[in-house]
Amino acid sequence: MAQALGWLLLLLFCSSAQSFLWRRTRGAYKSKGMHPSDDGSFQQKLDHFSKNSSELWPQRYFFNDVFYKPGGPVFLLIGGSDTICESWISTNNTWVSYAERLGALLILLEHRFYGHSQPTGNVSTASLHYLSSRQALADIVNFRIKIAEKVGLTKNKWVAFGCSYGGSLAVWSRIKHPDLFAAAVGSSAPMQAKANFYEYLEVVQRSLITHNRQCFQAVKEAFGQVMKMLRLRKYHRQLRKDFTLCKPLKHYSEMDKAVFIDLLIFPLKSTVQENDNEKDYEREEDSFTMDEMCDIMAETSLGSPYYRYLRIIQLVFKLEYLRCFPAYYRKKLEMLSNSSIDQHNPKKARQFFYQSCTEFGFFQTTDSKNQLFTGLPLSYFVQQCSDLFGPEFDYDLINTGVMSTNAYYGGFNVTGSKIIFSNGSFDPWHPLGITKDISKDLPTVFIKGAAHCGDIYEQKDTNSADLIQAREKIFQILQQWLKQ
C-alpha cells in the first residue's frame, strides 16, 4: 500500500542507495583535502532563537573542491525539502559546470528535518516546532560563518543556489544577509506564500494545452467521466471495480472522495511539473514525460479516454501489485501521521505539510474556474492540518502564518541586489515566483517550455535552445557580478 501512495512520499532526485553516500564526498572525484569534517556533518544549533538552548545536532553536508582555485567563489547549494545526494555536486549539473568554469568550491547543505539531517530523531508535532524557514535560514548563516572560519574562506565570495523551496532560501539568504552572500540564484523559487494556490492547476492546464491540445481534451473527457461516475450511485460499482478501490463508494465521505480525486490529479500535475527533467536524472519507472503520457492518452486500443487515464493510474500507483487501491482519507492520515524516521529511505511529506500549514500554504486547490478539475477546495487541506497536527491548526493559524512569512521576507516585493530568478513557463509554481525583471541587479530568466527547476540539470543535446540559452545567460550574469 505504501508503494501505491508513493505520491505522498516522493523524494525528488534521490534513490535510497544514494542516501547512504553521506559520510564524505568521495568516489566521483578526487578531493584536494579541504573538507572540514571527517564525518560530513556540522554541529548545528537546535533553536537559534532561544538564549537558553544549547542543544546541538549533526547537519549533513557534502564538499567538492575539485574545481576550486584559491580565492575563487564558494557555491553553497541549499537542499530544501529533499534528501541531498552526493551526485548533486559531483555530476555535470548546471551549477557544477558553473563551478568548473569559475574555479568555485561546491558545498551542499541539507535542510533540518529532511533527509538524514534529523535534529530530534523523529518528526512528531512537538519536534516539528523546530522546523521553519527562519530556523533553516539561521542554520545556513551559522554554517556559512563557521565553515568559512574553519577552512579559511572568509574573504571569498559566497553565492547561494537552490531549487524550489531551496531556491527561496537561497534568495532570502542574500536578501537578509548581503554581508555573507555576494549573490544568489533561485531556480523556480516561490517568493510569495499563499494559502489558496489555485493558480497551480491553472498552469497545469495551460501547459498541457500548449504542449498538446488533443491530449488535454482526452484528459478532460476522462476526468469528466470519473466525476460523473463518482456523482451518480449507479456507476459506483463500476468505478470501484475499475480502480480496485478498497471500500465501496457508498461508504465514502467527502474527504474520502477528495483523496481519490487528489490521487487522480497527481499523475498529470507531476508530469507537467517535472516533464523532461526526469530524463535528465535518475528516472523513476512509474513517471512520465508529457509526451509519454499523451501517447497513452492517444492509444485507442485501450478504449475511451477514461480507460486510457485509468491505465496511467494503474502504472503510476502499481495497482497490479496491490490487493486494492487505498484511496481514502484514513489511509492518507495514517501515512502522514507517522512520526518515525526511516533511515533507509527518509520521507518528507509530513514535514513539508507542516510547513505548508504553518508558513506557506501552497495548497493546490481546484477553486479556480480556469481549470478543469473540481473536488479539492481549500477546506480539504485545512482539515488535514487540523487532523494531523491539532485543532489549533485551523484556517486562522494558516492565514496568520502566510501573512507573517510574506511580511518577514517581502513576498513579491523583493529588495536587494545581485539575485537571479529563473522560472519555466510550464512550471506550475511560477505564478508565485518572480518572472519579470525588477531591476538590473534583480534580473529574471523566464524559460519558454521549461519545467520545474529545469535550468539546474545537466545539459543535453535534446534540450531546447531556450533552455540552453537561459543557462548561459545565468552564467554570464553571475560571472559579471563576481568580477565586481
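This is a predicted model: local features need pLDDT of at least 70, side-chain atom pairs count only at pLDDT 80 or more; totals for chains, interfaces and linings use all residues.
Local features need pLDDT of at least 70 and side-chain atom pairs count only at pLDDT 80 or more, while totals for chains, interfaces and linings use all residues. Residues are numbered from 1 along each chain as its sequence is written, and side-chain values use heavy atoms, with hydrogens and water left out.

User: How many residues of H8 are buried?
Analyst: Helices here are DSSP runs (H or I, at least four residues; strands are E, at least two), numbered from the N terminus, and H8 covers residues 254-274. Buried means under 20% relative accessible area, with exposed over 50% and partly exposed in between, for a 1.4 Å probe and protein chains only. H8 is largely enclosed by the rest of the structure, because the number of its 21 residues that are buried is 18.

User: At which residue does H8 have a kink?
Analyst: From its first C-alpha to its last, H8 reaches 30 Å, close to the 30 Å expected at 1.5 Å a residue, where the expected span is 1.5 Å times one less than the number of residues. A bend is the angle between axes fitted to the seven residues ending at a position and the seven starting there. In H8 the kink is about 35° and comes shortly before the proline Pro267, at Phe266.

User: What is the angle at which H8 and H13 pack?
Analyst: Axes are lines fitted to C-alpha atoms, for helices over the stretch in contact, and angles run from 0 to 180 degrees between N-to-C directions. Met255, Ala258, Val259 and Asp262 in H8 meet Tyr380, Gln383 and Gln384 in H13, contact meaning heavy atoms within 4.5 Å. The two helices are therefore roughly perpendicular to each other, a class that spans 65 to 115 degrees, whereas angles under 35 count as roughly parallel, over 145 as roughly antiparallel and the rest as oblique. With their axes 11 Å apart, H8 and H13 pack at an angle of about 110°.

User: Within what distance do the axes of H12 and H14 come?
Analyst: H12 (residues 349-360) and H14 (residues 395-409) cross at roughly 75°, and they are therefore roughly perpendicular to each other. Residues that meet here include Cys357 and Phe360 in H12 and Gly401 and Val402 in H14. The axes of H12 and H14 come within 6 Å.

User: Is Lys318 buried or exposed?
Analyst: Lys318 is found in the loop between H10 (305-316) and H11 (329-336), and its phi is near 50°, a positive value in a residue other than glycine. Most residues other than glycine have a negative phi. With a relative accessible area of 11%, Lys318 is buried.

User: What relative accessibility does Thr244 have?
Analyst: Thr244 lies in the loop between H7 (236-243) and H8, and although it is not a glycine, Thr244 has a positive phi of about 45°. Thr244 counts as partly exposed, because its relative accessibility is 32%.
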